[in-house]
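Open the model in your viewer and keep the sequence panel beside it. The stops below say what to select and what is there.

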Amino acid sequence: MELFVQSVISGVLLGGLYAAIGVGLSLVFGIMGLTNIAHGSLMILASFFVMILSQGIMGSVIPALLATLVIMAIIGAVMQGALINRVLDKGAEPALLVTFGFAIIIQNVLQLIFGADYKSIKNPLASVNVIDTKWAIVSGEYLVNFLVSVAVLLALHFLIRRTKLGRSIRAAASNVIAAELMGVNTKRTYIYAMCIALITGSVGGMLVGRTFGFYSYSGMSYLIIAFGVVVIGGMGSILGTLLGGVILGVSQLLGAYFFGPGVQVLVGYLTLLVILTLRPRGLLSNMTRK
Amino acid sequence: MDEGVLMTVENLNAGYGDFRALYDISMRFPKGLIVSIIGSNGAGKTTLLNAIMGVNKPVSGKVTFEGEDITGVRTSSIVAKGVTMSPEGSHVFEDMSVHENLLMGAYLTRSKEKLGRMLERSYELFPALKEKSGQLADFLSGGQRQMLAIARALMSDPKLLICDELSLGLAPVVVNDIYNRILDVNGDGVTVILVEQEVQRSLSFSDYSYVLVKGRVVMEGVANELSEKEVKDAYFGINKYA
């Protein structure tokens, strides 16, 4: 029983992190109908930046993360402005292929520079337990992952729902022609959206880098997690993303509890399959594209 | 530049791929007037508006606004110059509240004070919207959507308002009400282009009219001097227009 409670708690905490990983993918799809295949690889690229900068000139993780967010926002702006925006009018496939190409380039460049070894970002919290009772142990690391992720989701929710930029993003998502008629340059809005998505992904990359470690090809496995989260929660919904993350996290760890750690990923995706069968659009999907 | 003319369309040819939709269209929209463009389905009205608003690039010809060539300029930039459109089928943002839709209309307005004034004017013009201000636009009736689309377009404080098929799918009483509001707006100094299928109402609510048939201007004139019968003949391509 203790282990069951522990699994649920760890699953929820892990799910928060999953949501931070997935929300950028959800945002980009909700706004421009683009499945960003490079989402995971860009996330891992951010992990590498945080690692290098925190070891080198920056000295610690926080300033390294801030610098990384700026770098990733610039990368997002260039990728969207110079490449994806040019092909977005030509249907779904060309833009998809651009992001696929981006993913391959990032993976190979990272492998060229850093090799195929596992890396990690130094983490002083790794062995600190903030809660340590008979029922459950909560490590400081997982708790920080969860809280930071939820903070990212809340900030994003506020940005999308309560600011003028957010309103223009929602307008572009729901009706491109009408948004342009309001004076919104939708192509520029897409650039902002991609920057925001990569910023959330980079925070996810930093957390993942501290907790699990990463190597040049880790991006694809996180892309799959992001897909799972977004498909369960519903594309374009921030609350849905959090729900999707928690469901995926809890079902994985309960799968491990009932059937052993070897099948936890399988159980996670079986849950995905069941939800997809019952609710093909995901549990909460509000930013529907027309 | 001709003083007193706000927008011109000169020898415009447009189409999609190999398909030609507009042939050599020339039109003038004088400041302060209501000009109607009348045509049936497939006459090329939407293609013309798309070319004017920069949605599609014309094959040849040009569009000017206040003497400046705006052909092929990005829609959002044309809006910034003072042209606004209430699109066919209203295209309100359904997942936003009425209030948020209006705020979107004033997207390019930076002054808070002006924004407040424009909001007040919108609700004055269409009191029905004020009651629904907090509701999602998705829950509005067809007439209210059309009102919202017009109010939203006016939020940018435009010099020129283009209305595409205001009357589509609405009850005559509602349409008359909306048309009277357009007259009010015009009274405040906004130049209006009405694009319509309906001959009679278009003639009675406008100062000058163009009749568009199969991509060509077949008739134009001061609205109350055009005979409704002649316009209808042209519209349906019968009698001497066959």
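Start where the chains touch: chain B brings 20 residues to the contact and chain A brings 15. Two residues are in contact if their C-beta atoms, placed from the backbone, lie within 7 Å. On the side of chain B that touches chain A, helix 2 (75-81) and helix 3 (98-105) of chain B each supply at least two residues. Color that side by class: 11 residues are nonpolar, five polar and four charged. Here Ala, Val, Leu, Ile, Met, Phe, Trp, Tyr, Cys and Pro count as nonpolar, Asp, Glu, Lys and Arg as charged, and the others, Gly among them, as polar.

This is a predicted model, in which local features need pLDDT of at least 70, side-chain atom pairs count only at pLDDT 80 or more, and totals for chains, interfaces and linings use all residues. Residues are numbered from 1 along each chain as its sequence is written, while chains are lettered from A and ligands numbered from 1 in the order in which they are written.

Stay in chain B and select helix 3 with helix 6 (residues 142-154). Their axes come within 7 Å and cross at roughly 35 degrees. Axes are lines fitted to C-alpha atoms, for helices over the stretch in contact, and angles run from 0 to 180 degrees between N-to-C directions. Show B:V98, B:N101, B:L102, B:M104 and B:G105 of helix 3, which meet B:L148, B:A151, B:R152 and B:A153 of helix 6. That contact has six nonpolar, two polar and one charged residue.

Next, select helix 1 of chain B, residues 45-52. Seven of its eight residues are buried, so this helix is largely enclosed by the rest of the structure. Buried means 20 or more other C-beta atoms within 10 Å of a residue's own, exposed 12 or fewer, and partly exposed in between, with C-beta atoms placed from the backbone. The buried ones are B:K45, B:T47, B:L48, B:L49, B:N50, B:A51 and B:I52. After helix 1 comes B:G54, with a positive phi near 80 degrees.

Now pick B:K31, in the loop between strand 2 (19-30) and strand 3 (34-38) of chain B. Is B:K31 buried or partly exposed? B:K31 has 15 other C-beta atoms within 10 Å, so it is partly exposed. Beyond neighbours within four places in sequence, B:K31 contacts B:G4, B:V5, B:L6 and B:T191.

Move to chain A. It holds 11 helices and two strands (DSSP runs numbered from the N terminus: helices are H or I, at least four residues; strands are E, at least two). Of its 290 residues, 53% count as buried. The C-alpha trace of chain A spans about 60 × 50 × 30 Å along its principal axes.

Finish on helix 2 (residues 39-55) and helix 8 (residues 186-211) of chain A. Their axes come within 7 Å and cross at roughly 60 degrees. The two helices are therefore oblique to each other (under 35 degrees is roughly parallel, over 145 roughly antiparallel, 65 to 115 roughly perpendicular, the rest oblique). The crossing of helix 2 and helix 8 of chain A is right-handed. Among the residues that meet are A:L42, A:A46 and A:V50 from helix 2, and A:G201, A:G205 and A:V208 from helix 8. By class, this contact has nine nonpolar, seven polar and no charged residues.

Key. A crossing is left-handed if the near helix is turned anticlockwise from the far one by less than a right angle, and right-handed if clockwise.
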